[in-house]
Amino acid sequence: MDALDRVVKPKTKRAKRFLEKREPKLSENIKNAMLIKGGNANATVTQVLRDVYALKKPYGVLYKKKNITRPFEDQTSLEFFSKKSDCSLFLFGSHNKKRPNNLVIGRMYDYQVLDMIELGIENFVSLKDIKNSKCPEGTKPMLIFAGDDFDVTEDYRRLKSLLIDFFRGPTVPNIRLAGLEYVLHFTALSGKIYFRSYKLLLKKSGCRTPRIELEEMGPSLDLVMRRTHLASDDLYKLAMKMPKALKPKKKKNISHDTFGTTYGRIHMQKQDLSKLQTRKMKGLKKRPAERITENQEKKAKRIKKN
């Protein structure tokens, strides 16, 4: 039995809190990413991993030592590191003659590889090569995808889902305008993926809404897709399954029109308007003569019924 698979009983309160954080939850923790160097990673791949780690901080783990592994042939080492560091995303970098400047991006489900895509680096500009101000650590980015391939081709559609998972950051209930500081732009064109990072500048516009300018911040990558390892439809559906407790409850008797207006239907019993209490006013009070005539009419109706 693997050392990480056996049942561990905590001996201290700190260990108990640590294990409780890893237990299954309705709302899972933020997805962390591990960035791993292969046994033959060159300077370009190493710098790419460092720059992606700078964008991913503090939700990432960078392994500085080289690890001799091949994700498409043997995935046990990735699954071991996933359990050890509690990371469900990974980026593996390697370099060889057959596949130079190689990146493998993927994600885990239950500490097993769900899907991964191999990308080749054709052009790279580092963070340190672009001399301007950078965004602070932990800033949540805005993601933009351009190109029909992201919606048409299955491999590109899965890559889009992977990139969203990798860079989305924490889920926030509210958004502040000043907190929108940088953009990650992905363009699929002519069989290549262009990855650009921009810092958002809010300029004066003379009105309440500011004028927006984009300034390239780095890193900048030109990528080409190589090999893919995609999960089966059944496994992918199981990984995307939402717990019943988190599913929104269906509201009855509510409908929406084409303009987004909400309409509600109310079911009520038939009302007797003759017993409806109206406002009491002196001018609406019946005179004695009217009361006598009403009583006489009621008596006459009773006699007819009998």
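## Basis of the model

Because the model is predicted, local features need pLDDT of at least 70 and side-chain atom pairs count only at pLDDT 80 or more, while totals for chains, interfaces and linings use all residues. Residues are numbered from 1 along each chain as its sequence is written, and side-chain values use heavy atoms, with hydrogens and water left out.

## The chain as a whole

The chain has seven helices and twelve strands. Helices (H or I, at least four residues) and strands (E, at least two) are DSSP runs, numbered from the N terminus. The radius of gyration, taken over C-alpha atoms, is 32 Å for this chain, well over the 19 Å that the globule rule gives for 306 residues, so the chain is more spread out than a compact globule. The globule rule is 2.2 Å times the number of residues to the power 0.38. Along the principal axes, the C-alpha atoms fill a box of roughly 110 × 65 × 45 Å.

Of the 306 residues, 29% count as buried. Buried means under 20% relative accessible area, exposed means over 50%, and partly exposed lies in between (1.4 Å probe, protein chains only).

## The annotated domain

An unreviewed UniProt entry lists residues 31–234 as "domain: Brix". UniProt positions are given in the numbering used here, feature names are shortened, and annotations may be inferred rather than shown by experiment. In the model, the span of residues 31–234 is 22% helix and 41% strand, and its end C-alpha atoms lie 22 Å apart.

## Strand β5 and its partners

Strand β5 covers residues 112–125; ten of its 14 residues are buried, so β5 is largely enclosed by the rest of the structure. Two strands pair if DSSP finds at least two bridges between them. β5 pairs with β4 in the antiparallel sense over eight bridges, and Arg-107 has Asp-115 in β5 as its bridge partner. The hairpin of β4 and β5 has two residues between the strands, and Asp-110 there takes a positive phi near 55 degrees.

β5 also pairs with strand β10 (residues 220–229), again antiparallel and over eight bridges. Ile-121 lies in β5 and stands opposite Leu-223 in β10. At 7% relative accessibility, Ile-121 counts as buried.

Two pairs of residues give a sense of distance in the model. Ile-121 and Lys-285 are 164 residues apart in sequence and 92 Å apart in space, C-alpha to C-alpha. His-256 and Asn-123 are 133 residues apart in sequence, with 50 Å between their C-alpha atoms. His-256 is found in strand β11 (residues 254–256) and, at 56% relative accessibility, counts as exposed.

## Cavities

Rolling a probe the size of a water molecule over the atoms shows where empty space is left. On a 1 Å grid over the protein atoms alone, a cavity is a set of points where a 1.4 Å probe fits but cannot get out, and lining residues have an atom within 4 Å of a point. Grid points are joined across faces, edges and corners, and a volume is the space filled by probe spheres set on the points. By this rule there are two cavities of 30 Å³ or more.

The largest cavity holds about 130 Å³ of space. Its lining includes Leu-119, Leu-163, Phe-166, Phe-167 and Leu-223. β4, α5 (154–167) and β10 each give two or more residues to this lining, and α5 gives the most, with three. By class, the lining has twelve nonpolar, no polar and no charged residues. Here Ala, Val, Leu, Ile, Met, Phe, Trp, Tyr, Cys and Pro count as nonpolar, Asp, Glu, Lys and Arg as charged, and the others, Gly among them, as polar.

The second largest cavity has a volume of about 90 Å³. Of the 13 residues that line this cavity, Leu-55, Thr-139, Pro-141, Phe-167 and Gly-169 are the closest to its centre. α2 (43–56) and α5 each supply at least two residues of this lining, which divides into seven nonpolar, three polar and three charged residues.

## The second largest pocket

A pocket is an open set of points with protein on both sides within 12 Å along at least five of seven lines. The second largest pocket holds about 300 Å³ of space. It is lined by 18 residues, of which Thr-69, Arg-70, Phe-92, Ser-94 and Asn-96 lie nearest its centre. The elements that give two or more residues to this lining are β3 (89–94) and β4 (102–109). By class, the lining of this pocket has five nonpolar, eight polar and five charged residues.
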